[in-house]
Amino acid sequence: MYPPKFDYYRADSVQSALDLIKEHDGKFLAGGHSLIPVMNLRLADPGTLIDIGRIPNIKGIDKHGNAVNIGALTTHTMVAASGELPTAVSEAASMIGDPQVRNRGTLGGNVAHADPASDMPTVLLALRAQFTIAGANGERIVDADDFFVDLFETALQEGELLVRVSVPVEGPHTGSAYAKLHNPASRYAMVGAAATVTINGGKFREVGVAVGGLTPKATRASAVEAALAGQDATAETIAAAAAAVADDLGDEVMGDIHASEAYRRQMAPVFVRRALETAVSRAS
Ligand SMILES: Cc1cc2nc3c(=O)[nH]c(=O)nc-3n(C[C@H](O)[C@H](O)[C@H](O)COP(=O)(O)OP(=O)(O)OC[C@H]3O[C@@H](n4cnc5c(N)ncnc54)[C@H](O)[C@@H]3O)c2cc1C
């Protein structure tokens, strides 16, 4: 399949990307592993592509104080191989697609596309990541809870470029994990669950839990978090809290030929429990 015709420009800096998109409209092209397929399927016809793939300073992972910054152009392979990120982030990246997808696809493209079956939105929501966005009026920072707006929709406004995502450094007594039921062909999440926990004196202190693949956008599992807060970190508490995810899903659970709505609802607490159990074992 071939995409519709498009004009092509290459940006060599964040500023030139912003200038080019303002001048020509169109869309940014990063790894192309979501945008080109939707163009091939004629679901998008942007007319102009601004290639941001070679902008030098927004690729890579570096630690600053209590945060680890991931440049928007950092590939899934780089995220998977990093020893500096919370375990759940690298774990989720290592489960994306296949080696070709992980070598070309970028963190920025993954979250900007906001496919409900993507892995990274779920993990970044659980970890309360922050998103730095560049636009005509400079930079602004958006919290994960506000970044993912709806199906394929984020807080990014027309002409804005995501430059980096920041996650907290994984401190002592803290562990995180990502567990997913994947589509056997594409490996996209049919159910994805991410958890980060801090345990002190045998009790849950800080907790972050999110699920993906179920609803139009990655969803914070607030009922699960509330059921864990201050409780003993035992298998019984985890199992009971994981069941509370049903309250977080509401009536918007999706179903398709790969997994029905009913099946996804059944699997959600199973994968939340698995992510929590692994996070707890890593925290200790
Ligand atoms: C066969 C296959 C299997 C896959 N399996 C999985 C999977 O298991 N899990 C998973 O999570 N994903 C999966 N993916 C998707 C993959 O992770 C994509 O690489 C990713 O979603 C998009 O990243 P990209 O760099 O390719 O973005 P692109 O395709 O280049 O861009 C996607 C969208 O984001 C916009 N964009 C890109 N970068 C920026 C930026 N910095 N600022 C603002 N807007 C931007 C573009 O304009 C476009 O609208 C799969 C893809 C394929 C083809």
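## Sheet and ligand shell

Strand E6 (residues 130–135) and strand E10 run antiparallel and are joined by five bridges. Helices (H or I, at least four residues) and strands (E, at least two) are DSSP runs, numbered from the N terminus. Residues are numbered from 1 along each chain as its sequence is written. The model is predicted: local features need pLDDT of at least 70, side-chain atom pairs count only at pLDDT 80 or more, and totals for chains, interfaces and linings use all residues.

Alanine 134 has leucine 161 in E10 as its bridge partner. The open sheet has five strands in the order E4-E5-E10-E6-E7, with antiparallel pairing; two strands pair if DSSP finds at least two bridges between them. Strand E4 (61–64) and strand E7 (138–143) are the edges; each has a single partner strand, so one side of each lacks a neighbour in the sheet. From one strand to the next, the twist averages 25°.

Helix H1 (residues 14–24) lies across E6 and E10, at about 135° to E10. Axes are lines fitted to C-alpha atoms, for helices over the stretch in contact (C-beta atoms, placed from the backbone, within 7 Å), and angles run from 0 to 180 degrees between N-to-C directions.

The ligand is surrounded by 30 residues, the closest being Gly31, His33, Gly97, Gly105 and Gly109. A residue is near a molecule or strand if its C-beta atom, placed from the backbone, lies within 6 Å of it.

H6 gives the most, with five residues.

Key
Contact = placed C-beta atoms within 7 Å.
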